[in-house]
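Biologist: Hi, could you walk me through this model? I'd like to ask a few things as we go.
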Amino acid sequence: MTTTTTDCACPLTVVARCLGGLAPDSLWWAYLECGGNRSRADLTAYLDGIARWPDHEHNALSQALNEALWDIGSPSLAPIRTGGDVPR
Amino acid sequence: MDGAHTPQPTSTTEALEHLGRLSLRELSMDMLLQTVADLTRAVMPAEPHVSVLLLVRDRPTTVVSTGQLAVDLDETQYQRGHGPCLHAARTGQLTEIPDTRTDTRWPDYTRRAAGHGNLSSLSVPLLVDGEAQVSGALNIYAGRARAFDADSRSAATRIGPYAAVAAGNLHAYQSARDMADNLQLALETRAVIDQAKGVLMERHKLTADQAFQLLAQASMSGNRKVRDIADQLVLTGEHHGTPPASGRGRR
């Protein structure tokens, strides 16, 4: 059994979204490719700071954001959360 | 594309009757739109060049034309971000330039148009899908000044809705195809990542989330996309990340 925490998008995630320059649709597709399951509207709400996401959804998004940053020659910015999923 | 198979109507009424008889079962969507452009050219004065532009979230594309001149004139406007066709598509107003040599609204564009031999133009707005920010314009470029009178303006306005329906169908079809392509890519990528997660879960006794974290860690340290890391793991069994301490010994 595992426990999963939820949290709002941190500032670095929001900055990564702004710098990566992906259109909202493209970001959503990239997030789905990385294993994300939330809708486009949920993604917008999370990045706007009005929704909390569990770690695994955030991590899929972080991966998509960081890969977009690499495509334009920037380093990773969005953090991967590791604290919420604790195996017993 | 040309209008080799489009009949040459002698009046607007005849052209509209022909458009009313067209069926999507017999014509592809771009052929239908091409027929609209060809019929428009046939019934307008001064043997004009015709194009149909689609404006999706303010990104313009010429979807059909009756010749290269119309494409060039459309693209001249796209490069500048303004012009009569973009104005018609953005505002929903019928937009006419009676004489490109004297019109003052878009001087950098009209100079270029006159240089190409286009002396007047008529742009009919196409209302496609306002909610999705999709509009368009049926553009008619004539080689002589003041080519359009009240009758030709009326005829072009009556043809507009046919072009709007055809352009709307084409856009909906292209959107559906784009979505299908994106879904296929997403499914393929996810499948590889899921397989790689499965390997790591079994190998290091991790949860699914921890397995993804391990893939992401390897991806970041090597600046390689997570799909490539997953591909390599699934194909070769090789993985160079360190499993999280908390994951070891999962029951």
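Biologist: Which residue is the bridge partner of B:Asp129 in strand 5 of chain B?

Modeller: B:Val134 is the bridge partner of B:Asp129 in that strand. Before we go on, this is a predicted model, where local features need pLDDT of at least 70, side-chain atom pairs count only at pLDDT 80 or more, and totals for chains, interfaces and linings use all residues. Residues are numbered from 1 along each chain as its sequence is written, chains are lettered from A and ligands numbered from 1 in the order in which they are written, and side-chain values use heavy atoms, leaving out hydrogens and water.

Biologist: Got it. How many bridges join strand 4 and strand 5 of chain B?

Modeller: Nine, between strand 4 (residues 120-129) and strand 5 (residues 134-142) of chain B, and these strands run antiparallel. Strands are DSSP runs of E with at least two residues, and helices are runs of H or I with at least four, numbered from the N terminus. Two strands pair if DSSP finds at least two bridges between them.

Biologist: And what is the strand order of the open sheet in chain B?

Modeller: The five strands go 2-1-5-4-3, with antiparallel pairing. Strand 2 (59-65) and strand 3 of chain B each have a single partner strand, so one side of each has no neighbour in the sheet.

Biologist: New topic: which residues have the most contacts inside the largest nonpolar core?

Modeller: They are A:Leu27, A:Tyr31, A:Leu43, A:Leu61, B:Leu200 and B:Leu215, in a core of 35 residues. A nonpolar core here is a set of buried Ala, Val, Leu, Ile, Met, Phe, Trp, Tyr and Cys residues joined through side-chain atoms within 4.5 Å. Buried means under 20% relative accessible area, exposed over 50%, and partly exposed in between, with a 1.4 Å probe and protein chains only.

Biologist: What does A:Leu43 touch?

Modeller: Leaving aside neighbours within four places in sequence, A:Leu43 is in contact with A:Leu27, A:Trp28, A:Trp53 and A:Leu61. Contact means heavy atoms within 4.5 Å.

Biologist: Last one, B:Gly92. Where is that residue found?

Modeller: B:Gly92 is in the loop between helix 4 (84-91) and strand 3 (95-97) of chain B. At 35% relative accessibility, B:Gly92 counts as partly exposed. Not counting residues up to four places away in sequence, B:Gly92 touches B:His87 and B:Pro125.

Biologist: How far is its C-alpha atom from that of B:Asn118?

Modeller: The C-alpha atoms of B:Gly92 and B:Asn118 are separated by 23 Å, and the two residues are 26 residues apart along the chain.
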